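This briefing covers a pocket, a sheet and some aromatic pairs. Please look through the sequence and the model before reading on.

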Amino acid sequence: MTRKMCARFVVASAAALSAAAYLPAAVQGEMTRVNGVLVIPVEEDNSPRGEDEGDASVKGIGLFSTGGQMKQRFLRAVQAGVDPRGAGRVSGRDSHDDGGGDDGDLQNVQINDPSLDHITTFDPAVVRTRPFEFSTQSETSAVSDGNHVVVGYNSTANSKVELFPGPPAFLAFTKLMFSAFSVSHDGGRTWASGFVPSVSPDVPFTFGDPALAIDRRGNIFYAGLGLDATRHGAIIVNKSTNHGSSFGTAKVVAVDDGSDKEWMAIGPDPKTRSRDNIYITWTSFVDNGATPPLTVGSELWLARSTDGGQTFSTAKLFAPVDDGFNSAFIQFSNPVVDLSTGRLYIPFLHFTNFDADNVRVLVSDDGGTTFRLLAFNAAGAHDAFGFPNVTPGILNDCRGGGIRNALVAGLDQGGGRFGLPRFKQATRLITQPHAAAARGTFAFVVNSSTSPFFGEGTGSEINAVFSRDGGATWASSRVVASSLADPQHVHPALVLSENGKRLTVSYYVQQLDQRLRTDVATLKIDGRRLRLEDAGPLSTTAFDLTPSNIVRTPTATTNYDRTVVTCYDIGEYQTLARSRRGDDDERVIAAWGDNRRTWLSPAGSPAAGLHAQPDVFAAIVGDESSEHEVTKR
């Protein structure tokens with residue numbers, strides 16, 4: 001495969017895989033009703049539609065997020081006559097693993113409740129299937145309000161699979177509540193875990209991608225992917241009025257079968273300063289209307305509420321057209337509001353057909369009614385409105401999850417498509433421009449490859465791009481560089497101090513020994529450059545990648561937790577949150593996916609034995625009195 005062909009193929013995957021590949025693999029099964037119960041039939045090896053070499057040059061290779069996958073497979077299930085009426089339901093046997101437990105670490109605290117993780121097995125005399133290991137937690141978003149801290153994350157722990165004897169007999173998920181949270185009311189010392197409700201008990205499915213935000217009254221909002229009552233894909237939001245102890249029933253923000261990767265921001269309306277507006281952006285994948293449909297592009301959409309989340313209006317913000325250089329795909333929006341002015345910034349990634357993609361930023365000064373693109377005028381950029389960046393990671397064949405940029409460890413299992421490696425321990429990488437705004441300062445951070453060529457798997461670094469004048473002029477600075485000891489730095493998160501002069505940035509580091517840790521850096525804006533004040537480990541121990549891409553057959557791989565798609569491990573983002581209270585300006589909570597605990601996969605699992613497990617950990621940065629504070633270096 002030539003470099004040009006490879007680049008086009010992988011950019012296609014990078015843009016389109018996000019439509020479904022980051023969601024539970026279970027979602028890729030047909031959704032239907034059996035005796036009035038909404039279920040997702042289980043497949044031994046989930047393989048998204050269209051993962052063929054013939055489709056490789058087309059962006060959006062049959063990879064719908066949530067609603068798109070469910071709608072298409074539901075229709076096929078109906079056409080195939082899946083309707084075992086009169087059949088009962090048989091539950092499997094639930095058990096827990098005997099892996100590692102709490103190590104008494106006082107600086108890093110595991111915030112997801114490990115007792116919720118479980119294994120479901122079935123009598124082989126009844127049905128022959130491998131174990132279901134519901135034990136994945138990662139991908140965090142948080143808010144902080146004094147001693148009240150809430151962290152949202154993806155979790156498979158609240159899932160249930162049952163056997164429908166038929167005929168024909170089949171296994172199906174009867175519950176999959178992927179949108180989880182943990183809450184602390186003592187500043188992060190102790191935590192309780194839960195799951196946000198779906199739109200109805202009759203539709204017991206949520207699909208994660210958490211984005212949390214808080215308004216001036218302390219109401220906490222949790223945006224995510226889900227379904228509406230008629231089983232269409234939707235952007236949903238839950239509200240908590242008790243500091244995150246519980247969340248109300250999900251409200252549908254927008255019905256969109258192609259919806260994916262939503263994000264949320266809350267801030268004052270620029271004209272009516274006494275009112276907070278809620279802004280939710282998302283990617284909407286669009287198809288060509290054929291049978292079967294083929295995804296041909298994606299659009300950036302915005303939902304806005306001016307009444308505290310009671311109602312939302314929606315608008316299409318950006319619908320790119322492939323012009324030969326820029327592609328028809330966008331993804332990974334990250335809206336933020338400058339609380340001092342009410343200005344709304346929406347950075348997002350616009351994929352190109354070449355190695356470097358473009359970060360673009362839309363800005364609104366009238367509460368999301370009108371927008372304009374900010375100009376970077378970056379050296380070497382294709383146009384004035386794009387900031388070029390090459391996503392890091394080696395190209396890894398994740399089979400059903402597609403060809404992905406990834407951090408990898410261990411040995412190549414061999415047999416990958418196009419001559420690519422097929423590492424068992426892998427976690428996929430993206431470029432989300434994680435942003436913050438305060439007092440006229442706007443900044444975003446990205447992970448960048450040290451190579452100008454997409455997918456080469458060389459080192460990676462964290463870069464910050466910032467403006468002190470609302471986007472009129474720009475400067476960029478490296479936060480941390482690749483080194484021999486620490487070659488990879490990925491998935492950064494960012495917060496700004498209230499005065500807009502200090503950045504706190506957290507990120508994953510892959511060490512030379514292939515283990516991962518989380519670091520944090522504090523930087524001060526000094527004119528057109530960033531001055532490093534402090535940097536060091538945030539996590540107190542390094543950890544291994546999980547077995548997320550295990551070869552089962554020559555043409556199929558699986559995650560050890562079969563609920564989630566292959567090469568999903570630490571998630572695609574981590575979080576930092578500064579308290580909304582001004583007197584707590586320097587106190588920052590950090591939460592991230594962490595694999596330091598071990599999980600014992602049972603006999604019959606393709607990962608049988610002891611290995612790393614994805615959990616969520618938290619620490620407090622910038623609080624000298626906290627016993628959880630990371631040791632500074």
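Is Phe134 buried or exposed? Phe134 is buried, because its relative accessible area is 0%; buried means under 20%, exposed over 50% and partly exposed in between, with a 1.4 Å probe and protein chains only. The model is predicted, so local features need pLDDT of at least 70 and side-chain atom pairs count only at pLDDT 80 or more, while totals for chains, interfaces and linings use all residues. Residues are numbered from 1 along each chain as its sequence is written, and side-chain values use heavy atoms, with hydrogens and water left out.

**Aromatic pairs**

- The whole structure holds 21 aromatic pairs, that is, rings of Phe, Tyr and Trp (its six-membered ring) with centres within 6.5 Å; planes under 30 degrees apart count as stacked, over 60 as edge-to-face and the rest as tilted.
- Phe132 and Phe134 form a stacked pair, 6.1 Å centre to centre with 20 degrees between the planes.
- Phe132 is buried, because its relative accessibility is 0%.
- Trp282 and Trp301 are stacked because their ring centres are 6.1 Å apart and their planes lie at 25 degrees.
- Trp282 is in strand E20 (residues 276–287) and Trp301 in strand E21 (residues 295–305), so the pair ties together parts 19 residues apart in sequence; strands (E, at least two residues) are DSSP runs numbered from the N terminus.
- Trp282 is buried at 2% relative accessible area, whereas Trp301 is partly exposed at 22%.
- Ring pairs also link Tyr345, Phe376, Phe387, Phe442, Phe444 and Trp474 into a cluster.

**Largest pocket**

- The largest pocket has a volume of about 1000 Å³; a pocket is an open set of points on a 1 Å grid over the protein atoms alone, where a 1.4 Å probe fits, with protein on both sides within 12 Å along at least five of seven lines.
- Of the 41 lining residues, Ile214, Ile266, Val337, Leu339 and Arg578 are closest to the centre of the largest pocket; lining residues have an atom within 4 Å of a point.
- Strand E19 gives the most to this lining, with six residues.

**Four-stranded sheet**

- An open sheet of four strands runs in the order E32-E33-E34-E35 with antiparallel pairing; two strands pair if DSSP finds at least two bridges between them.
- The edge strands, E32 and E35 (475–480), each pair on one side only.
- Strand E34 (residues 460–467) is joined to E35 by five bridges.
- Asn463 has Arg478 in E35 as its bridge partner.

Methods:
Grid points are joined across faces, edges and corners, and a volume is the space filled by probe spheres set on the points.
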